[in-house]
Amino acid sequence: MASTLLMLVVLLVRAPVRRAFGAQVAYALWALPVLRLVLPSMPETWHAAATPITRAGETISVYMIAPAAAVATTGTTTAAAAPM
């Protein structure tokens, strides 16, 4: 099914690619469906390998604390009030 869809995409894209890049590149597009037919299919567990990528979007909070020396000299306890 995927190879058939890829062949249809190549048929649709071939003419604009030929005008933009030349006939050699347009004919080279046919290597994509051939590679899809020759290469083995993806294993069923490929989703597990992509899981860490989705976790990269998690929010990380970083808290800044004023050094003890700055708190002792200014008498404030917030980092925003103590100039660095």
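Is Met1 buried or exposed, and what is its relative accessible area? Met1 is exposed, with a relative accessible area of 77%, where exposed means over 50%, buried under 20% and partly exposed in between, with a 1.4 Å probe and protein chains only.

This is a predicted model, in which local features need a pLDDT of at least 70 and side-chain atom pairs count only at pLDDT 80 or more, whereas totals for chains, interfaces and linings use all residues. Residues are numbered from 1 along each chain as its sequence is written, and side-chain values use heavy atoms, with hydrogens and water left out.

**View 1. The chain as a whole, with five helices and zero strands.** Helices (H or I, at least four residues) and strands (E, at least two) are DSSP runs numbered from the N terminus, and from that end the elements run α-α-α-α-α. Of the 84 residues, 11% count as buried, and the accessible surface comes to about 7300 Å², of which 70% belongs to carbon and sulfur atoms; such areas come from the Shrake-Rupley method with a 1.4 Å probe, and for residues only the protein chains shown count as cover. The pLDDT, the predictor's confidence in each residue from 0 to 100, averages 77 over the chain, with 65% of the residues scoring at least 70. Among the elements, α2 has the highest mean pLDDT (93) and helix α4 (residues 46-55) the lowest (61).

**View 2. The kink in helix α1 and the residue just after the helix.** Helix α1 spans residues 2-21 and has a kink of about 40 degrees at Arg14, shortly before the proline Pro16; the bend at a residue is the angle between axes fitted to the seven residues ending there and the seven starting there. Just after α1, Gly22 takes a positive phi of about 110 degrees.

**View 3. The buried residues of α1.** Ser3, Val10 and Val17 are the buried residues of this helix, and what covers them includes α2 (23-28) and α3 (31-38). Ser3 counts as buried because its relative accessibility is 12%. Leaving aside residues up to four places away in sequence, Ser3 touches Arg36 and Leu37, a contact being heavy atoms within 4.5 Å.

**View 4. A nonpolar patch on the surface.** An α-helix has 3.6 residues a turn, so residues three or four places apart point the same way.

Key
Patches are made of residues with over 30% relative accessible area and no salt bridge: like charges are joined within 9 Å, nonpolar side chains (Val, Leu, Ile, Met, Phe, Trp, Tyr) within 5 Å. A salt bridge is a side-chain nitrogen of Lys or Arg within 4 Å of a carboxyl oxygen of Asp or Glu.
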